Each structure stands twice: as structure tokens, then as C-alpha cells.
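This report describes the backbone geometry of one protein model, with attention to a strand pair and to the loops. Please consult the sequence and the structure shown here.

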Amino acid sequence: MFSNVLAARTTLLFTLQAQTADGVTATSSISVITNGPPISGTFGVTPTSGTEISTSFLFFASNWFDENLPLYYQFSFYDTKGIAQVVQSSSLSSYATPSTGLPAGLDSNGFNVTCFATISDSVGSSTISEAKVTVNKASLTATLALLSANIATFSGSTQSDQTTA
């Protein structure tokens with residue numbers, strides 16, 4: 001817990017009492033509930049394992065609760081240098097569309113890639129939930145085949161664009 005920060009979802013009672021010079025007293029109170037981050041949800045990535053380049057991973061968050069709606073979802077992963085890479089910036093969608101490819105994890109880490117969701121309420125309070133997936137390296141043959149297919153698709157669309165111009 002941080003110092004000088006009120007605890008989340010705590011009820012505080014503030015009371016003011018005043019007294020006049022002739023002894024008349026008046027009291028007023030107000031009860032305030034502090035905000036807290038979204039709670040009780042789950043975050044996952046499917047499938048839980050795959051291969052870089054060829055596997056599409058779907059990030060999803062479900063059953064998150066907060067009084068301050070709407071909720072916003074941001075999906076990210078840490079690359080092999082530990083730098084967060086955003087898959088989907090803050091959005092009302094609780095799943096990342098379209099599904100995304102992920103880079104292979106480090107061999108020294110069992111090819112694991114840490115993915116995470118940041119779920120925020122409408123006043124900016126947020127929580128982070130993590131999930132690990134295994135992303136294996138693609139074979140050279142598979143990488144070349146995919147590259148060739150993409151080049152053929154790109155060449156076909158370029159020729160089509162030129163004939164319609």
C-alpha cells in the first residue's frame with residue numbers, strides 16, 4: 001500500500017461541529033466511499049501456446065466489476081527486452097480484435113510471453129491482470145512460405161490496383 005493514499009472502497013465519515021459564542025452547537029456529517037480499481041474479473045489469451053508468425057492469439061477479459069462505468073480495456077505483452085507492446089489501446093471492447101500474432105519468447109524462459117490487460121474505470125482507477133502463453137520460434141521453412149504467400153498477395157493487389165487506375 002502507498003503512503004498518503006486512502007484505501008480502496010473504504011467508507012469515511014467526516015463530521016463538522018461548530019459552536020456559537022453563546023454555546024449553541026451544530027453538527028453535520030457526510031459519508032464518502034473511496035474509489036477502487038475494477039475487481040473480480042479474469043483475463044486470458046487463447047490459444048495458450050502457438051508459433052510466432054503463424055498463430056493468431058485472442059486476448060480477452062471478462063466479468064470485471066466497478067461502479068464507475070464504462071470500463072476500458074487495454075491489451076499488451078512484454079517483448080523479449082521486457083518492453084510493453086500494446087496490442088489494443090484503451091477501448092470499450094473486452095477482447096482484442098483482430099487476433100494478433102506474437103513474437104517467440106526467449107528459449108531461456110521456455111518461450112513464455114507475458115501478456116497483460118489493463119482494465120480501467122471511467123475515473124481512471126485501474127488494475128492489471130497477467131497471463132502467460134508459450135510462443136515457439138517458427139521454422140525457417142514456415143517463415144519463407146508465409147513470406148512468399150504475402151508477397152504473392154501484395155503483388156496481386158498491386159497489379160489489380162494498377163489495372164483499375
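## The hairpin of β1 and β2

In the hairpin formed by β1 and β2, five residues lie between the strands, and G23 takes a positive phi near 95 degrees. Strands are DSSP runs (E, at least two residues) numbered from the N terminus. β1 covers residues 11-19 and pairs with β2, residues 25-33, in the antiparallel sense over nine bridges; two strands pair if DSSP finds at least two bridges between them. L12 stands opposite V32 in β2.

β1 is hardly covered, since the count of buried residues among its nine residues is zero. Buried means under 20% relative accessible area, exposed over 50%, and partly exposed in between (1.4 Å probe, protein chains only).

## Basis of the model

This is a predicted model, in which local features need pLDDT of at least 70 and side-chain atom pairs count only at pLDDT 80 or more, while totals for chains, interfaces and linings use all residues. Residues are numbered from 1 along each chain as its sequence is written, and side-chain values use heavy atoms, with hydrogens and water left out.

Most residues other than glycine have a negative phi, and most peptide bonds are trans.

A cis peptide bond joins T46 and P47, with omega about -5 degrees. P47 is found in the loop between β3 (42-46) and β4 (49-51). A cis peptide bond also joins L69 and P70, with omega about 5 degrees, and P70 is found in the loop between β5 (58-62) and β6 (72-78).

Note on methods. Helix = DSSP H or I, 4+ residues; strand = E, 2+ residues; numbered from the N terminus.
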